[in-house]
2 protein chains.
Amino acid sequence: MGSSTVISISDGDNQRVAGPDDDQEMKKKFQFSLLPIFSYLRSSGQKNRLQVSCVPPIISDLREKTNKQDMRKLIHSFKVGIALVLVSFLYLLDPLFSQVGENAMWAIMTVVVIFEFFAGATLSKGLNRGIGTILGGGLGCLAAALAQEVGGIGNAIVVGASVFIFAAVATYVRQVPNIKKRYDYGAMIFILTFSLVVVSGIRAEKVMRLARERLSTIGMGFVTCIFISLLVFPVWASDELHDSIASNFEHLAHSIEGCLEEYINATTFTNEKENQPIANFNRCKSILNSKSKDESLANFAKWEPWHGKFGLYYPWIKYLQIGEHLRELAATILSLKGCLQSPRQPPTAQRERIKEPCEAVGSILTWSLRELGESISKMRKCHAGTSIVPKLKSTRAEISSVSTNCKVDHQDIDHEYQDGGLAMATFVFILMEIVEKVEELAKEVDELGELAGFRSHHELA
Amino acid sequence: MGSSTVISISDGDNQRVAGPDDDQEMKKKFQFSLLPIFSYLRSSGQKNRLQVSCVPPIISDLREKTNKQDMRKLIHSFKVGIALVLVSFLYLLDPLFSQVGENAMWAIMTVVVIFEFFAGATLSKGLNRGIGTILGGGLGCLAAALAQEVGGIGNAIVVGASVFIFAAVATYVRQVPNIKKRYDYGAMIFILTFSLVVVSGIRAEKVMRLARERLSTIGMGFVTCIFISLLVFPVWASDELHDSIASNFEHLAHSIEGCLEEYINATTFTNEKENQPIANFNRCKSILNSKSKDESLANFAKWEPWHGKFGLYYPWIKYLQIGEHLRELAATILSLKGCLQSPRQPPTAQRERIKEPCEAVGSILTWSLRELGESISKMRKCHAGTSIVPKLKSTRAEISSVSTNCKVDHQDIDHEYQDGGLAMATFVFILMEIVEKVEELAKEVDELGELAGFRSHHELA
């Protein structure tokens, strides 16, 4: 659990990072919600055997994850410090300084600028910087040579014109969304290097030597970063994305559980109502806002070399599609909020009538979501087409029976009752939609299993 | 219209930028949707007089906006080119070069790195760079002096240790979400300057002079950027946020219109159904994903100096709150999707029964949203508390009458009909929620009017 809102992604300013407050909030939430969940488990018997094993580890898991996140940040800070000290040796040690001279500065600059939290981000920025420098330096040398050919006042004019043209064109290109997403930094470095090389070409006789020396120190900074980022306690964006998607299944299952529980038992704790639903929906909301985080993680993951369980051509795009489905599901669960928080509630007697089938639907839904999440997390095929989907389909029959029970009698023409009936019908309808969306998710997870080559149960045995 | 998905924000990688494709898509969408809208307008008479004047300008408005966006990007590219040529003069002109020497490089670097699309973003990056440089440089000088006091091998040890400690601490601080949001770049520049100054202090005798010279060239780059960014065709993030929030009201009104139209007339064009709803919902989805864009725009807007209609302490935070409400409303409208695309549809006869009241509710809703959007856009008070809210409240009575009509007769025990009834009940319930959310929005807009000092009608006259 816990990883979806916990790490702040370098590109997304809108990510929250778990801190002591979150931990407190979590504890409060679980104190509130454990009681009804346990009573629910007891009342609904063997159907929920999976939930019994799932609820207690959530708390310890969350605390563990929060500590792990803090630890990772601390380690990242140490790594940056070490990398900077290493490149500082270019200045500090006389034999090295006599080789590189003042250009050692570029190594330090490179380390500060490209060292990012995730290995993939560091690699992406480093390669962007490398390519931008080489392209900009090469073209800059050509332009500088051309300007020197012209000579005299024409020299300055050629330099000024080439700076203007290349900077304007590259800036325009930077604003194209697809280039912005992956090569923004490279384009910036291109403009920088081109301008620097072409204008200093006017003064420095040996512009080629200058370019070569700078490039070599940039290379030293790059190698230092990559070495430390990839080999010393590496933090992989691919692991982060994988775990975050897998744990979102658990979060949604937990939300559905909470919703159903609350809706059915609403009459017993109306006073605590304001405290209750928000906790469940916060997770859903953070999943709803996870699009930019997922996209940048996938972008970094693509840059990461083969490591651990992920090959070079791992289908990250499928993770994004599953993420999209999860967001839709989260939005649907959030629209249950309208029913839960609506002042128009059906009377208890009416609720009682839909209690049993709702519990059954809920337990199938949460079981399915947890199976799917576990399938991703453990990278084993879940064969959803033959195991989960049929169960979900049969669930629809149960919902139909619910829909018979939730009708309001025509005698209750009193408005309040009628609105309560509407709320209940909406609740049931949204439940149907949730079942459909989980079915779609099951198919997506099956496809991911095929594409990513998840192993079957018997291969694992 | 059009501005919510059109501009790519420098910090958010997930923004789409309008291009020729969008324009095509828009045209297609309007070809599809104009017919039913006009027939709707004709059928529902004088209630919709506001819509008649609103629909045709949408198309021309959108095309105009798209061109305007392209134009702005082009102008931005030119501005970057000009700024770079200006700072290149430090190299190109002999009298200037004799003053600054090789440090002219820092001016070029500053321009490339801090020149952003929005004036506020440029200012924020520039100030961050300035503060980071001064702090890092100052502390770096102190550390370098301390290291020179120690002398000998201890010198190198002090330098290495101080680089490690400051870099690690600053990197850890950078990861705190609130600092990351506003001062990430400043912290990076702090690490960079500190390391450069402290390590070159070992070699350069006159570290103070070096620091002063670099700072002065960075200052020149900064002034050039600010001058061009703020005075030559400035692009204000505050304008962008203001227009985007105001136009989102219109987008949501348009979506509601489209939904109601489609739901009521679904039977008449079932074949085109696949093409129809997506267009309406895309706008809602882009509003739903606008959180990070809004936040970074508000962040930049806060840095922007007094200009045009916005004062220094303009309540940008209120815009973010309104944005949050708009996103919730968009999510609710999206959940109508479930009803529209559900295979379980009520029979036409049933739809007919709710046609009239739905149209009435829809026209009040769209009128309210457009009034609110216009109030923000023209910065005049709309007195929603006395004009819009009462109308919305009376609308609830109309919805109650709808809810009476949408009940399924108990004789229709056939499942298909029953599910259709559920879909219809859900549709009506969600409509109720939309009315409530628009009421909340009206209150928020009233509050914004108070905080931002919008003028009243009679002041404008």
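Leaving aside its neighbours within four places in sequence, which residues is A:Phe249 in contact with? In this predicted model, the partners of A:Phe249 are A:Ile322, A:Leu326, A:Leu369, A:Leu372, A:Gly373, A:Ile376, A:Leu441 and A:Val445. The points below cover the nonpolar cores, the cysteines and one glutamate.

**Nonpolar cores**
- The largest nonpolar core contains 144 residues.
- A:Phe249 and B:Phe249 are the residues with the most contacts inside this core.

**Cysteines**
- A disulfide is a covalent bond that links the sulfur atoms of two cysteines.
- Searching the whole structure gives zero disulfides over all chains.
- A:Cys284 takes part in no disulfide, and the nearest cysteine sulfur, which belongs to A:Cys259, lies 6.9 Å away.
- The cut-off for a disulfide is a pair of cysteine sulfur atoms within 2.5 Å.
- A:Cys284 has a relative accessible area of 0%, so this residue counts as buried.
- A:Cys358 is also buried, because its relative accessibility is 0%.

**A glutamate in a helix**
- B:Glu433 sits in helix α15 of chain B, which covers residues 415-452.
- With a relative accessible area of 9%, B:Glu433 is buried; the cut-off for buried is under 20%.
- Apart from neighbours within four places in sequence, B:Glu433 is in contact with A:Gly338 and A:Cys339 of chain A, and with B:Thr332 of chain B.

Methods: Residues numbered from 1 in each chain as written. Chains lettered and ligands numbered in written order. Predicted model: local features only at pLDDT ≥ 70, side-chain atom pairs only at ≥ 80, totals over all residues. Heavy atoms only, no water. Core = buried A, V, L, I, M, F, W, Y, C linked by side-chain atoms within 4.5 Å. Buried < 20%, exposed > 50% of the residue type's maximum accessible area, 1.4 Å probe, protein only. Contact = heavy atoms within 4.5 Å. Helix = DSSP H or I, 4+ residues; strand = E, 2+ residues; numbered from the N terminus.
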